[in-house]
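Dear colleague,

I am handing over the structure we spoke about, with the sequence and the coordinates placed just below. My notes on what was found in it follow.

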Amino acid sequence: MPDEHVLALDLDRALAGEDAGDEARELAALLVAAAEPARFDVTDAELERALRAVRPQRRTRRRLLPALALVGAAAAVAVAAWIARTPGSEVQARAAHALDATFFVVEQVRSPLFAATDVSGYVDGRTGRAHVRVSGSRGLVSETVVAANGSVQRWLAASNTTTAAPSCDALPGGCAEALDPLDLYLRTLRHAHVRTLAGAYVLTVRSGKVEQLVTVDRRTYLPRRIEWREAGRRISETRFTVLDRQRGPVGADAWAMSEHPGARVVQLTSKGERVRVLAVTRGSLPRGARWLGPRYEGRPARVAAVRLTGGNAVRISYGPLVVWNYDTVVPPAVVELRGPAVKTFQIPGGIVHASFAADGGVVADATFREGNVAVVSRSGDKEDAVRAVQRLVRAE
Amino acid sequence: MEEGLDAYRVFRREQGDFEALFRAHYPEIVRYLAVRLGSRDDALDLASEVFAEAWRRVPGLQWRGRPVRAWLYRVSANMAADELKRRARTSTVRDVEDDDASVVDDVDTRLALTEALRTLTPEHQLVVHLRLVEGLPFEDVARVMNRSVAACQMLMLRAARSLRAALQAEGVRGA
């Protein structure tokens with residue numbers, strides 16, 4: 001029995017990450033792995049909903065606040081829409097129109113408050129697409145890609161992590177490096193006071209204590225410089241050293257995230273929550289799901305219902321080959337293996353983008369009208385997933 | 001002595017401020033119940049019932065040297081047990097496929113781990129939950145479970161061994 005106490009203490013040490021014996025470390029690893037799925041977050045919305053349900057007498061009063069907030073938000077949207085539709089001055093209209101194209105941009109961002117950075121890449125003022133790299137004195141700091149549908153990927157050098165999110169709002173800090181200052185510039189156009197100054201227009205807009213001055217070229221109507229001032233003191237300046245309007249369509253490579261070997265991939269929901277697997281339960285195949293039949297290449301299908309942060313998925317595994325059916329939230333196992341698409345082809349009812357991961361994994365992403373399917377293979381045979389995705393059938 | 005006095009003050013504060021009590025402990029009760037019931041949605045619902053009970057009964061609790069949290073876990077454990085009994089009576093059928101697949105990847109292992117965790121006794125589940133999910137030190141685990149620290153450490157060891165045995169029975173490699 002004393003040995004048991006010794007082992008219990010040893011296990012405690014192993015759980016704390018300290019030196020411990022083999023058995024204690026083995027048991028600690030099992031316990032940590034088993035506890036991991038239970039370490040999920042309860043969202044603020046879930047908590048507030050439950051609190052209201054438990055204390056019903058407060059319900060009426062508390063509902064007033066969201067209602068007022070909703071009215072306020074609706075009023076703000078209406079005002080914003082009215083402002084957007086109000087014809088601006090000639091300068092504002094021409095400047096906004098000038099940005100309605102794809103540009104190759106190089107910006108120098110200088111401020112006494114933070115280290116100097118340079119931003120370069122492509123920005124499409126018409127569709128909102130962007131692909132920019134931010135560099136500091138020690139080289140590349142980050143790379144951000146914003147797709148036409150608003151989804152965004154951001155790689156950070158400091159953590160070698162790529163974060164994927166359905167919109168810039170979900171990312172901490174938004175997509176300032178990709179959309180600002182051009183986006184800020186466009187918004188400024190709607191509100192600014194315009195004056196003329198030696199070959200340029202200067203647009204000024206004040207927001208609280210901060211004054212923003214945009215210098216616009218009188219010939220091209222493109223921004224040259226944006227300056228932020230507080231109490232007359234310059235707090236930041238962005239200088240556009242290159243702003244090249246692209247004459248023809250820009251190649252797909254220009255909008256693709258570069259390869260970052262070994263980068264960890266994190267996916268966020270629209271609310272900024274990290275997408276995690278919350279629960280996995282064995283289950284039966286839902287009608288209409290796409291799979292490879294009850295057996296594929298001699299391996300039986302194993303079906304699991306997977307609950308993710310913000311969505312659900314069905315996972316059908318055939319040994320090392322896995323078929324995922326999902327709707328809006330992409331399963332982390334798929335996101336982790338995705339790279340730039342190297343093969344795009346049609347299959348009945350859908351289109352497939354295949355990408356190869358550095359570790360030999362392959363993802364064949366198929367988009368159908370009714371939903372999305374990804375075939376993932378870690379077998380090392382690149383054609384495995386590509387072959388399988390063409391044999392998908394709908395479950396009866 | 002000071003520690004006891006602090007614990008008493010926390011008890012009184014939580015007893016007198018239901019909203020603070022709710023905000024502080026609702027998420028951990030949901031997480032605990034999710035493992036017991038095998039469903040996050042069910043856990044959210046049942047945790048609300050636990051706190052509805054707390055709304056009625058916590059103001060009348062007598063100080064017995066244990067935090068309000070201990071009472072919450074006790075009620076949660078009882079309610080979870082009732083719910084599981086009710087489910088057993090209504091005979092829920094789970095569609096689990098038997099197959100001879102030899103490859104166990106991450107999700108399969110996870111599935112096995114989750115199911116193995118659910119096979120542990122409520123006491124083993126609670127010690128794992130408090131120490132490893134909520135990250136409480138064993139001293140706090142001991143207060144919630146009304147046991148000594150050594151007893152809780154021993155419970156953890158037994159929980160780990162049970163988990164290993166359950167996984168080995170499932171044929172999970174490395175278990």
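Chain A contains nine helices and 24 strands, and please keep in mind throughout that this is a predicted model. Of the 396 residues in chain A, 31% are buried. Among the contacts in chain A with a separation of 6 or more, 45% are accounted for by residues 24 or more positions apart.

Let me begin with a sheet in chain A. It is an open sheet of eight strands, arranged in the order β13-β17-β18-β19-β23-β22-β21-β20 (chain A), and the pairing is antiparallel. At its edges stand β13 and β20 (343–347) of chain A, each of which pairs on one side only. On average, and with direction ignored, neighbouring strands of this sheet are turned by 20° against each other.

Strand β21 (residues 350–356) of chain A and strand β22 (residues 362–368) of chain A are joined in the antiparallel sense over seven bridges, and A:F356 stands opposite A:V362 in β22(A). Helix α9 (residues 382–389) of chain A lies across β19 (321–326), β20, β21, β22 and β23 (371–377) of chain A, and its direction makes an angle of about 20° with β22(A).

Turning to the contact between the chains, 43 residues come from chain A and 45 residues from chain B. On the side of chain A that touches chain B, the elements that give two or more residues are the helices α1 (2–15), α2 (22–35) and α3 (44–54), together with the strands β13 (277–282), β16 (299–300), β17 (302–308) and β18 (311–318), each of chain A. By class, that side of chain A has 28 nonpolar, five polar and ten charged residues.

How do the helices of the two chains meet? Two packed helices are described by the angle between their axes and the distance between the axes. The axes of α3(A) and helix α2 (residues 18–37) of chain B come within 11 Å and cross at roughly 130°, which makes α3(A) oblique to α2(B). The crossing of α3(A) and α2(B) is right-handed. On the side of α3(A) the contact is made by A:L47, A:A50, A:L51 and A:V54, and on the side of α2(B) by B:E19, B:F22, B:R23, B:Y26 and B:P27; by class, this contact has seven nonpolar, no polar and two charged residues.

The axes of α2(A) and helix α6 (residues 122–133) of chain B come within 10 Å and cross at roughly 85°, and α2(A) and α6(B) are therefore roughly perpendicular to each other. From α2(A) the contact takes A:L31, A:V32 and A:A35, and from α6(B) it takes B:V128, B:L132 and B:V133. These residues divide into six nonpolar, no polar and no charged.

Finally, a note on one residue of helix α2 of chain A, namely A:E23. Is A:E23 buried, exposed or partly exposed? A:E23 is partly exposed, because 16 other C-beta atoms lie within 10 Å, a count that falls between the limits of 12 or fewer for exposed and 20 or more for buried. The C-alpha atoms of A:E23 and A:L11, which are twelve residues apart along the chain, are separated by 8.2 Å.

Conventions
Residues numbered from 1 in each chain as written. Chains lettered and ligands numbered in written order. Predicted model: local features only at pLDDT ≥ 70, side-chain atom pairs only at ≥ 80, totals over all residues. Contact = placed C-beta atoms within 7 Å. Helix = DSSP H or I, 4+ residues; strand = E, 2+ residues; numbered from the N terminus. Nonpolar A, V, L, I, M, F, W, Y, C, P; charged D, E, K, R; others polar. Pairing = 2+ DSSP bridges. Axes fitted to C-alpha atoms, helices over the stretch in contact; angles between N-to-C directions. Parallel < 35°, antiparallel > 145°, perpendicular 65-115°, else oblique. Left-handed = near helix turned anticlockwise from the far one by under 90°.
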